[in-house]
Amino acid sequence: MAGQEQVLGAPSSQPVLRGSYTYASITDKIADTVLERPTHWAWAVGFAVSASLTVLFIVAMSYLFAKGVGIWGIDQPVSWAFALTNFVWWVGIGHAGTFISAFLLLLRQRWRTSINRFAEAMTIFAVAMAGLMPILHLGRPWFFYWLIPYPNKMNLWPQWRSPLVWDIFAIGTYIIVSILFWYMGLIPDLATLRDRAAQRWKQVGYALLALGWRNDARHWARFEIAYLLMAGLATPLVISVHSVVSLDFAIGNTPGWHSTIFPPYFVAGALYSGFAMALTIAIPLRATFGLQDFITARHLAVMAKVMLACGLLVTYSYLVESFMAFYSADRYESFMLLNRMTGPYAWIYWTVIFCNVIVLQTLWFERVRASPWMLFAVAILINIGMWLERFMIIVVSLHRDFMPSAWGMFYPTFWDIAILAGSLGAFALLFLLFVRFLPVISMSEMRKLVKERRESSS
Amino acid sequence: MTQPAQYGLLAEFRSAEHLVEAVKRTRAAGYRDIAAYSPFPVEGLADALGIKRTCVPLVTLLGGLIGGAGTYFMLWYSSVINYPINSGARPLHSWPAFVPPTFELAVLGAALAAFFAFLFASGLPRLHHPIFNARDFDLASRNRFFLCIECRDPHFDDSRTHDFLRSLDPMRLVPVPW
Amino acid sequence: MSPRQPRREFDFSGVPERSRREFLKLMGASIALASGCSRELPERIVPYEDMPEQLAATKSLYFATALSLDGYGSGVLVESAMGRPIKVEGNPNHPASLGATDVFSQAAVLTLWDPDRSQTVLRQGVLSTWDAFRAALTARRSRFASQGGAGLHILTGSVTSPTLAAQLHRLLDKYPEARWHQYQPINRDNVYAGTRLAFGETREPRYDFTRARTVLSLDADFLRSMPGHVRYARDFNGARRPGETPSANNRLYAIESSPTLTGAKADHCRRLRASQIDRVARALAQRLGIAVESPTSVPIEAGWLDACAFDLLTRHGESLILVGERQPAHVHALAHLANERLGNVGTTVQYTNPVLAEPIDQLDSLRQLSAAMAAGEVQELLILGVNPLYATPADLEFARHLQRVPFSVHLGLYRDETAMRSLWHIPAAHELEAWSDTRAYDGSATIQQPLIAPLYGGRSPHEVLAVLAGEFEQDGHAIVRALWQGELGGDDFEHTWKTSLHNGVVPDSAFTAEQVTARLPALPPLRDADSSELEIVFSPDPHVHDGVYTNNAWLRELPKPLTELTWDNAVLMSPESGRRRGLANEDVVEIEYRGRRVRAPVWLLPGHPDESLTLQFGYGRTAGGRIAPGAGFNAYALQTSAAPSFDGGARVHPLGTRYPLASAQMHNRMEGRDLARMLPLSAVIQRTAQGAQPSKHERKLLYPPFASPTYAWGMSINLDACVGCKACTIACQAENNIPVVGKDQVQRGREMHWIRVDRYFEGSDAHPRVHFQPVPCMHCERAPCEVVCPVEASVHDSEGLNVQVYNRCVGTRFCSNNCPYKVRRFNFLQYSQDVPSLNAQRNPDVTVRMRGVMEKCSYCLQRIAAAKIASEKEGRRIRDGEVVTACQAACPTEAIVFGDLNDPASRVRIAKTSPLDYVLLEELNTLPRTSYLPAVENPHPDLQET
């Protein structure tokens, strides 16, 4: 334990759990956010906003299916733009959740305990949004299942060499494993809610979801092993999924895509944006539901440090990319880079540098890491920066590739923006419902934390 | 066969340590059909109860192997035997391209196996269990620790077992009706 | 094709059941019409049975006929599938075609099936009937008959049709007081006037580029827009194949007042304001030893003129000077004289009788008409096939004077400006619907036979004139046949008639060369040399011409040569002139000229002479179909009868507003990339001498290649031959059911053309080198598009074709991203419309693509398949030249060669063995099946162009 404290460099003065909680009080406090607590005005406002954005999302999708992807700004040569940008961005965000819940579990990081639940929820909802995008962007979305292998009369199979097919496997696996992992962790807490619920329908509902969990020592024994195994399986997904996503581009021959650095580059970027989103969610969440005792300054500071580390990796990738562009002496590569820096989309490149590199540096300072609202601001900027980075990689590379005669521009339409805003709304909506109906913090793990703290104190 | 009136005797404890201690003594006293309940996994409790290692890891491994091997076979069979076609002049058996799906589905197979192995081994899902009939048993998911000696245990004898549990100094001692 | 490549691909998603039924209804309707007009077409028209080998690979019937532009005919073979004319090919027998076509002929089928065509007789804009019109006309006849035809005026375009001319002459004999006026907006006035000046009699110059080693073009776009340009382009490039035979080369000097393809292909091109060319002509004439006093200042370096004169003189009898229709008569006359001095008459240039039946001064003829109308002398006016309310000089105020004509009749394809303001409007029959005849640039006559009964009961001018002359019972067929009976006579007329119809040319009808002796004309005083006034140059639009094709969506969306603009016209000026006025592309200006004003968007065109504006006709329409009105600006509104071709004294006022234009190519420079190659002749000869280099394709490959055991299709494109006319693009559009997407989609960069012609500028904006490069699918053997397709919609077949399986495509567009040549086209929306008459035009052998599907060049897979069936029936291999792709067939200069690379004797195989052969972006190792031969420049050693 002390060992990891050093690893994370967190002063032990900052606890992962504040206040003097007992098994009972901590259970009640968390359970009540679901069972008792009346609706908070902030929640209501958030719900209204995200619900209306979700409606916009549905409208945009309906119109899209009715008319075709031509309602977007995509063209020749830029035939991928917003949808794929959103896809990569959302998948990336998902990764932080898995990283926190699985990777840190393997490392026995106690501080993950109070944030892994909502981080996992964030993963699932983000990947759900991500999973929609590739389907929406199809010219004939009603045939999306042709990318999935299934016995069919046409005697046809997917074309396995296409990274898009790898995506199907990677994203599919990722969402299924994430849901199983999340649900498994939920089972003991669902049992708690079953036992604590007052109304009959809640009791029945949670009882069914709890699958008859009895807190039996035998259950716990298998639970712990299985949960650890799941964590062990989810961890490589953090690496593999975004590597596969990066291959959607690296396999292509477009200058600005065709690069071997992409997998690590994308994974670092994924964690980077993921932790930014985790902070973006955690900070208002703890304020709204008074969870400062569980999601403490320590948590925020540690997440900020992880973000800093990932951000530096991303910065390094930018440097290597630029260096290789010139070092390769490849006319198209070097032109691509110059075009990014000085071409019609230069402002995007420099915004990306500002958000993802310059702003990042503020995290070196203790004061920034200690101030939730400063962290919030940084996180927001990094979210924007990372979205723009994906846009830059996709659109700015495509719009000027090999044949100058075929060069073009991309201008988003209302429907491009509607899809992006809509997915943000739907994501927020799912999350707000989650905090109403499920415990945002793992109660069983918190109880364990209370016990450990007693032992360490005595 | 007539149902016995009672499922077992349930002793309630305040702390995990207390429960572990009680379990040890109960096993020492020769009881075998006993169950312990705690609001979180308690270290040492499993050993005290003498729970053997579970099959979950093995099943997980098998799940992973089946997922991976099955996938690679599908890729190979479909693109070499069943539907060979010239795609970008790549070899029909483009093994490098087959690696990502194989890996992903191996992970998927393992994860599914792990989850369902856990449920199966734990006898879940289960709609009802007599233990829930015991008074205040819901605290098992909050802050209390329980030890239950089931009637079907050969050593079980209503009065003697009652006295034995009492000797463990529980907060409370209640019968668990069917 | 491999058995894996599903040809069971008949996806009618684009053409649902319903519309095919409607099509059948439509056909029913036209058959009914046919019987109604008591026409049994099949017995009268003669199919083109024994196809030349090139065209054998098809099951549809072909009929030889001709399509005319400005009166001049060009022979075509029209493919008729199940009675529907669907595709136009050139007629190998016809001197003006030799099997090739221009863009207009290709687009003719779309005009034929255009749902916007006028479909009913109108009287004062109200529905009426043909019989009512006949009655009304008959009533009028009693009036003018009594007065010897006084007050009866007939306005036609340029008439080359012997039949129409004969009818008119008969009419004028009958009614001597009647008047026949001719006015074609793009006319031959200056040419004929030039010959009159030089020879004292009207002649038609006819050029022979096969024998010309040095060509000087004075504002003449003989590769793109003169009568006979298709033939001229073929001959010019035929004499220029140094890659094949080093001695086969020529040198082209061009001086032009508005950028043209001829200037773009020239070895030495100078851009001057139109009024300056006179000067240069005189300076040159003097250098050629003609006694003209040399102008004080010449806007071209002496060295350039010396070099040009030297080449002309040393190529005695093998040189050629030709002058554009825009230039005044005396410049033409000077050229004729110079050609005579250079011994070119009879070799590179011949003079025949004029092709126009009545080679009058058309502008003068129009003047007389409008004067007569103004004076109220015109009682009856028949306007046959022209649109004077739109396409006449503004100062003649045709529209105003027409109001004074009590009985005006308009015969036209559309309810255009004139139709709206005439008393009567009669829907005209399309050239493919009616019997007629026409003459080509060399006088060769073609009898035009209808491919289908008039879809909308249209009438030909012959029928209208027949009614006018009171010859009721005659229909088009009878009239035309009667004339030729007289012409050809003989007892075996039936046979001659049949062969003429079958071959598409009347035997021995070409005009013979006349003896001429040129004299030095009196030259008018020169314009003041250093006048820096802004000049206007009027020219036909490259694609909608004088306005006849403004409602043709194919031509509207076809990117115009050099500007690459679609859907609109714009004021063209040099970047320098734009800079001086702070103007950028799409800025709207008001052009003021002789008190008239027109607002138009600006397009800065490199290579345009400074202080000069090019105004192109054909736009700013107010009627004439659904897509004709409301685009571009009307250049006729500034044209005056005083100076119909060009004039100074224009002023440009920026308005500070913008009008978006849709250009199909956003970037015009090659950025130093090795795409469209151009080599100097010396290098070509040297490289050819060295012989074939080891094949570039024998390189280290990571994977073993897939063999093409049966056939290995490939294409070779000769950039030296390519003149950038885009006939290939529109031929491909017609053949492959390629939809039109509309201006807003083109602005988004979503045009669908399967073969585009890239145009690059190199060097300064003032004197750019222009490169053309047709880019179809490369059919890479290592196709990047295939690897990334997740559903095997883009796959390779056993003959090396990169095939796109529309039914399987889900539209991820990854293939397009991964195509370094960006030749793939995506149906972002439902582009292929479901309009019955347009469906009737579609090629039944080609799938109509639906929304969300990727498509691209298939090497005309359907033609390959047809040839394969034909050859397998006879149990032989497909012969070389048996499969001709649509682009190849249309190309005037045979720049495109297609065939089987497994056949060592095939033309394509031979072309690819040339040491000059190269592929695009070779470093990507995609191994394209489409390769290129570089353009060749043959500069005068003393002249180094910048």
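## Helices H6 and H8 of chain A

Axes are lines fitted to C-alpha atoms, for helices over the stretch in contact, and angles run from 0 to 180 degrees between N-to-C directions. The structure described here is a predicted model. In chain A, helix H6 spans residues 163-196 and helix H8 spans residues 217-250. The two pack with their axes 9 Å apart, at an angle of about 155°.

Angles over 145 degrees count as roughly antiparallel, and H6(A) and H8(A) are therefore roughly antiparallel to each other. H6(A) passes H8(A) in a left-handed crossing. The residues of this contact comprise 23 nonpolar, two polar and two charged.

## Helix H8 of chain A against helix H4 of chain B

H8(A) also packs against a helix of another chain, H4 of chain B, which covers residues 95-121. The axes of H8(A) and H4(B) come within 10 Å and cross at roughly 165°. That angle makes H8(A) roughly antiparallel to H4(B), and the crossing of these two helices is left-handed.

On the side of H8(A), the residues in contact include A:His219, A:Arg222, A:Phe223, A:Met230 and A:Leu233. On the side of H4(B), they include B:Pro100, B:Phe103, B:Glu104, B:Phe115 and B:Phe118. Of the residues in the contact of H8(A) with H4(B), 17 are nonpolar, two are polar and two are charged.

## Interface between chains A and C

Chain A and chain C bury about 4500 Å² between them, and carbon and sulfur atoms give 53% of this area. The contact draws 55 residues from chain A and 55 residues from chain C. Within chain A, the residues that lose the most area to chain C are A:Gln76, A:Arg140 and A:Met403. Together these three account for 17% of what the chain A side buries.

## Interface between chains B and C

Chain B and chain C bury about 1200 Å² between them, of which carbon and sulfur atoms give 62%. Here 11 residues of chain B are in contact with 12 residues of chain C. B:Asn86, B:Ala89 and B:Arg90 supply 43% of the area that chain B buries against chain C, more than any other three residues.

## Helices H15 and H16 of chain C

In chain C, helix H15 (residues 461-468) and helix H16 (residues 476-488) have axes that come within 9 Å and cross at roughly 90°.

H15(C) contributes C:His462, C:Glu463 and C:Ala466 to the contact, while H16(C) contributes C:Gly476, C:Ile479 and C:Val480. By type, the residues of this contact divide into three nonpolar, two polar and one charged.

## A three-stranded sheet in chain C

Chain C contains an open sheet of three strands in the order E35-E28-E36, and its pairing is mixed. Strands of a sheet pair through backbone hydrogen bonds, either parallel or antiparallel. Strands E35 (896-900) and E36 (930-933) stand at the edges of the sheet. Each has a single partner strand, so one side of each is left without a neighbour in the sheet. From one strand to the next, the twist averages 20°.

Strand E28 covers residues 713-718 of chain C and pairs with E36(C) in the parallel sense over four bridges. C:Ile717 stands opposite C:Tyr932, a residue of E36(C).

Key. Residues numbered from 1 in each chain as written. Chains lettered and ligands numbered in written order. Predicted model: local features only at pLDDT ≥ 70, side-chain atom pairs only at ≥ 80, totals over all residues. Heavy atoms only, no water. Parallel < 35°, antiparallel > 145°, perpendicular 65-115°, else oblique. Left-handed = near helix turned anticlockwise from the far one by under 90°. Nonpolar A, V, L, I, M, F, W, Y, C, P; charged D, E, K, R; others polar. Pairing = 2+ DSSP bridges. Contact = heavy atoms within 4.5 Å. Buried area = accessible area lost by both parts, 1.4 Å probe.
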